Every structure is written in C-alpha cells, then in structure tokens.
Amino acid sequence: MATTLTEPTVRALPLRCRNCGGAHPPGPHAICEDCLGPLEPAYDPARPLPDRETIASRPPSLWRYREWLPLDGAISRSTDTGFTPLIDAPVLARRLGVARAWIKNDAVSHPSLSFKDRVVAVAINAAEAFGLDTLGCASTGNLANAVAAHARRARLDAWIFVPDDLELAKIIGTAVYGVHLVRVRGTYDDVNRLCAQVADRFGWGIANVNLRSYYGEGSKTVAFEIVEQLGWRLPTAVVAPMAGGSLLTKLHKGFREFRDAGLTTGDAPRLYGAQAAGCAPIVRAVERGDERVVPEKPNTIAKSLAIGSPPDGGYAAQTIRETNGWAAAVNDADIVAGIRILAEDVGVFTETAGGVTVAAALTLARQGRLRRDDEVALCITGNGLKTVDAAQSASPQAPVIDPKLREVSALVDAGGSRRDGDAGDQITHQEEV
Ligand SMILES: *Cc1c(COP(=O)(O)O)cnc(C)c1O
Ligand SMILES: [Zn+2]
C-alpha cells in the first residue's frame, strides 16, 4: 500500500459492526470478519457537540456538521462541498395537495452536480487518513463523476469502473478529468463484484466498497441541512430516490442524531423511497412487507438508480417501515413527466433520478399517503444536463426562424408555446374523518 510523504493530519474513527456490535480499528474495511455484517463508524458519545449558533457561524459546507462525520483532526480535502439550496416549491405543493413542499437541490452540488459529492468528500478524507494514493469506485455514473473530480483536485490517482451502457454525459463528465475510466460489459452488480476484487488485489481505496463505512456517513448531511434550512425544524415527510438504499437510511440516521443532540424536536419524518419500475427491488420488498430484497435485472432510463442487488436494500425497507413511510415505483414515461413538472413548477432541471422522485411523490399523493397537512422535502439528487436524452422527447420544439421581426410577430400572434400547470393535474384530498 502506498503512503503519502507527510503524516496526515486527519484521523478516521474506529468502526463497529451493525450486526454483532464487534469493535474494529479504523481502516479501509466495510465488512465484519466475524459475521459479515456492515461496519459503521463508532462516535464517542461523550464528544462535545456544537449548538445551533455555533453551527450556523461556520462556513456553508457539509463540514459545519463535522462532529457527526467520521473523521477527527484538520480536514484538508473537498472542504467546499455541501450546503445546497432548499427551495420553497408552492406550485408543486399545490399539485401534490400538501401544505408545503421543498426541493433539496443537489442538482447544483459542488463540484460534480450530484449528491455523490457529499459521500466522496468524506471518503477522500478517509483515504488521506489511511495514506491511500488511489481512489476508485464502482458507479452508475454520478459517483464516477464525483470520484474523478474530487480525486484530481486532491492529486490522487483514480480508477473508475462503470457499466458500458452509461449516458454520454456521465462518461465524458468522468473522462475529462484524465482519470482511468473503465467501461465494463455488464450490469452495475457485475461492476461492483469486480471492484471488491480490485480493492483486495491493488490496495486502493474504493469509495463505495472498502471505504463504504465512512463514505455513507456523508449522506446524513442532506438531513442536517434540511433541518437547519427549515429553521431547525423537521419536515413531516421526505421523498428520496433509492439506488443501493444508503441515502434513505442515512437520512433517518441524520434526523435522529439532530433530535438526540437537541438541535430539533418533533416526530421523525415519514420516509418515502422512490425507484424506477424497471429496477425496483426495494419498493417490491416494502410492498411485500418483507425485508428480504429479491435481486432484479435493471431495465430503465433511470440508470443512476439501476442497482439490481442493492447493498442496503433490506435496511432501507426496514427504515421505511419504522418511520411509517412507504415506497413507489414509477415507469419511464412518468419519470420524463416528473422531469418536466419539476422544471415547470420549480425551475429546476433534474436528471432521471429526480424525475423518479417527483413522479413517486405524485403517486404517493394520489394514494393518499401524502396528506393535506404534510410538509414534504423532496431530495433532488442530480442535474438534468447529465441525462438530456431522457428529456429531449418531452421538451417543446423550439421554432427556427430568419432574423426578422415579422417572424417573431407571427410566433407571438400564434400564442407562444408556454403551458401553465393546469389545475386538473392537482390532487385534492378528501376531508379527513
Ligand atoms: C447514487 C444516487 C442515488 C441513491 O443512492 P443510494 O444511496 O445508493 O441509494 C440517488 N440519486 C442519484 C442521482 C444518485 O446518483
Ligand atoms: Zn459482526
């Protein structure tokens, strides 16, 4: 294993097995040797925690919550990721038939325009703590973009493995950084299996494999930011997309940690998971009332969520049940409609995963699972410019004209093409009895 020349100033926390509770020293290991359970960082319960004012006075990045992130000492890498906007969305709230709706907009995450910047920001500092000089990942696209961007900034070598059928923007948006990008013939699950072997063989830090225990904690910062940006309040419901199922479980952990720290009060939000119908193993488990996930072979335009054998799927299904939430699967046409609705109602252009989230929220509202008095946060996790092909067919045609005023006049006379969200689309809930 290669080491950096200077001693790192950052230290990673020790780990504990979520199954058997066994203690493990800090290291690039994600699985307990005794029971094969997942390892999680072990925080010192007696550590001093900041109050609201202290947190609010810190720079606007995810590191303002560093007491809940699995690293000690001075953080030097990716210090400027996080603290994306929380957007009030009254038009979408009306469409959903709920009291309030907000968009947590990780479509503008820095630097690689998806929520994967959060998890990689943590993983790359763990890599420093362990003296690793190469960062890698198995990715459905966004993680590839993030690992490439963060690794090049930190002057690390990067080896990135993706399924060969990814969207062009996600391939170019990785290759442009000058990293080792390898396209693997197969599904994400094939790529992931290969990366587990790669991690062992070459001693690299693979963000979502051997650094997964640290990496996953970055997702909690979505929950922390929602609470702080709502004025230290909890929403009543959150809708989040699910790939491996990690984000959904970490949202729950994040909300719970802020309540335990006295930074907010009230009931834990009901968590709702969203998947594409062409790859919905976690939704199916929730619908069956089961925590065993049956693997699927993905077939959907939502490639960023296309994990047929989700590593945290059972845990996500359990978390959804415990919070009295639910899950919904939406087809490809609904995903495209969801992209259009978010663009027209809120002015945010999201990728297919965001279309899944919006379409699932509409489905859940129609089922009466989202209620009239609900205050709902929707996690929009990626940028629409990464999957333009998906939106192309549904976007209005732009007329081509000669540079003549009368041609514009003709268009204006013809009534333009702007279409307003029509009231018939809105969901009205029955009076509760
Ligand atoms: C990875 C990803 C997710 C979900 O991630 P998991 O934690 O694996 O469930 C959601 N949205 C986008 C855009 C992603 O890239
Ligand atoms: Zn164990």
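Me: Where does the largest pocket lie?

Reply: Domain 1 (10-39 + 116-215) and domain 2 (86-113 + 219-391) both give residues to the lining of the largest pocket, the domain bounds being taken from an automatic or database domain assignment. The model is predicted, so that local features need pLDDT of at least 70 and side-chain atom pairs count only at pLDDT 80 or more, whereas totals for chains, interfaces and linings use all residues. Residues are numbered from 1 along each chain as its sequence is written, chains are lettered from A and ligands numbered from 1 in the order in which they are written, and side-chain values use heavy atoms, with hydrogens and water left out. Since both domains contribute to its lining, the largest pocket lies between domain 1 and domain 2.

Me: Which element supplies the largest share of the lining of the largest pocket?

Reply: On a 1 Å grid over the protein atoms alone, a pocket is an open set of points where a 1.4 Å probe fits, with protein on both sides within 12 Å along at least five of seven lines, a cavity is a set from which the probe cannot get out, and lining residues have an atom within 4 Å of a point. The largest pocket is lined by 35 residues, and Ala30, Ile31, Asn208, Val209 and Arg212 lie nearest its centre. Strand E4 (39-41), helix H6 (188-202), H7 and H9 are the elements that give two or more residues to this lining, helices (H or I, at least four residues) and strands (E, at least two) being DSSP runs numbered from the N terminus. The largest share, seven residues, comes from H6.

Me: How many charged residues are in the lining of the second largest pocket?

Reply: The second largest pocket holds about 360 Å³ of space, a volume being the space filled by probe spheres set on grid points that are joined across faces, edges and corners. Of its 17 lining residues, Pro41, Tyr43, Lys253, Arg256 and Glu257 are the closest to the centre, and E4 and H9 are the elements that give two or more residues. Ala, Val, Leu, Ile, Met, Phe, Trp, Tyr, Cys and Pro count as nonpolar, Asp, Glu, Lys and Arg as charged, and the others, Gly among them, as polar. By class, this lining has eight nonpolar residues, no polar ones, and a charged group of nine.

Me: Which residues are the closest to the centre of the largest cavity?

Reply: The lining of the largest cavity draws at least three residues from each of domain 1 and domain 2, and it divides into 14 nonpolar, eleven polar and three charged residues. About 350 Å³ of space lies in this cavity. Of the 28 residues that line the largest cavity, the closest to its centre are Phe115, Lys116, Tyr215, Ala243 and Gly244.

Me: How are H3 and H4 oriented to each other?

Reply: Helix H3 (116-129) and helix H4 (142-153) each supply at least two residues of the lining of the largest cavity. H3 and H4 pack at an angle of about 45°, with their axes 9 Å apart, where axes are lines fitted to C-alpha atoms, for helices over the stretch in contact, and angles run from 0 to 180 degrees between N-to-C directions. Angles under 35 degrees count as roughly parallel, over 145 as roughly antiparallel, 65 to 115 as roughly perpendicular and the rest as oblique. H3 and H4 are therefore oblique.
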